[in-house]
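Biologist: I am new to this structure. Could you show me how to read its features, starting with the aromatic rings?

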Amino acid sequence: MNTAPTVRFLDRTTPPHISTLILLAGLSALSMTVFLPSLPSMAAYFDADYRLVQLSVTVYLAANALIQVFVGPISDRYGRRPVIIAGIVVFLAATLGCVLAATIEVFLAFRILQASVITGLVLSRAAVRDMVSQDEAASMIGYVTMGMALVPMIGPAIGGALEEWFSWHANFWMLLILGFGTLWLVWRDFGETALNRSASFREQLREYPELLTARRFWGYCAASAFASGAFFAYLGGAPYVGAEVYGLSPGTLGLFFGLPALGYMLGNGISGKLSVRVGINPMIMAGTLIGTTGLAVSLALNSFGMTSPWVFFGFMAFVGIGNGMCMPNATAGMLSVRPHLAGTASGLGGAIMLAGGAALSAFAAAILVPGSGAAPLIWTMLVSSAISMVAIAYVIRRERAIVRG
């Protein structure tokens, strides 16, 4: 589909408004981060070891990755709208279970079920690709993810304030209220976008090799996974670098820590403005080049002893800018290789990105030891970012070969 369809807000006979897609993605991100400042209080409440309570993050991410593998194919078969509604309903029930849980084991079980909200993020991207062409999809996804980028910045601050004013339960009461609001909005506004659905799962399974053997799909996946992998490594290692290497207080670290998120918003804005005009592959290459160059300069300055919190975190903003340009365009590329399997591509690509990012985050945290400085983290991020450049270069070369026949 090369032209955007008519969209009327709160009219479910038309495709969803972009604000609905932004809220769907934002609720998924908020559920992941809002309660993080409350983990110590939750450990005391449940009389549980902190590491056990911290599993609420790990199991949630694992469940997210698993759900993304299956939710895409299901939506390709039954449509985006019913799958999103079902995911939110399960999320609401699980959130209420988290509030009422009397033991940490029960809480963790409901926390796993809460991951069903990821359907909103996965299928909002697939819905965009259903509605518009590849380059237009990159632009729309850029705006959607720019809105979503705000949530990880403000979510923990809101959650910490709610915990101080009331208790950790308030975070989940807020998620419950927002979940009901999002369900109402989806019911009223989200018209079905997957109009060309498979007649059966058997027919759909016969089409999967068409996606899984597409080398451009895996190239876009690799570009996305390794570009975001640099950022996930930052999430795993930057708190240690800020606190142990530079001696920053938690409040000051929080201010520095948000610089990549600001860069990500800027990169998303650039994608929204330029992707249609420039094309997705040049935008991905430019994004990976910006991120890789920023990390190379940071490593060089660190090697010459020219290091400080301003240098380290300042150059991390370039990683954010690069990711903001790369991610929406790489996602649009994944979804465009086989448009009739956009849901499957969105889910599988998201799962690969999340699994790879989690591994790099754990690796970055493991290699930072007393006396190591920031260099091991910068090296990890630089290698990951450089691999993303190689991946998109392969995609460009592959597309040229296809054009030549």
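Modeller: Gladly! Rings of Phe, Tyr and Trp (its six-membered ring) pair if their centres lie within 6.5 Å; planes under 30 degrees apart count as stacked, over 60 as edge-to-face and the rest as tilted. This is a predicted model, where local features need pLDDT of at least 70, side-chain atom pairs count only at pLDDT 80 or more, and totals for chains, interfaces and linings use all residues. Residues are numbered from 1 along each chain as its sequence is written, and side-chain values use heavy atoms, without hydrogens and water.

Biologist: How many aromatic pairs does the structure hold?

Modeller: There are 13 aromatic pairs. One of them joins F46 and F107, tilted, with 5.7 Å centre to centre and 45 degrees between the planes. F46 sits in helix α2 (residues 39-46) and F107 in helix α5 (residues 104-114), so this pair links distant parts of the chain, 61 residues apart. Helices here are DSSP runs (H or I, at least four residues), numbered from the N terminus.

Biologist: And what is a cavity?

Modeller: On a 1 Å grid over the protein atoms alone, it is a set of points where a 1.4 Å probe fits but cannot get out; lining residues have an atom within 4 Å of a point. Grid points are joined across faces, edges and corners, and the volume is the space filled by probe spheres set on the points. The count here is one cavity of 30 Å³ or more, and the largest cavity holds about 60 Å³.

Biologist: Which helix gives the most to its lining?

Modeller: α14, with four residues. The lining includes V319, N323 and C326.

Notes:
1 Å grid on protein atoms, 1.4 Å probe; cavity = no way out; pocket = protein on both sides within 12 Å on 5 of 7 lines; lining within 4 Å. Helix = DSSP H or I, 4+ residues; strand = E, 2+ residues; numbered from the N terminus.
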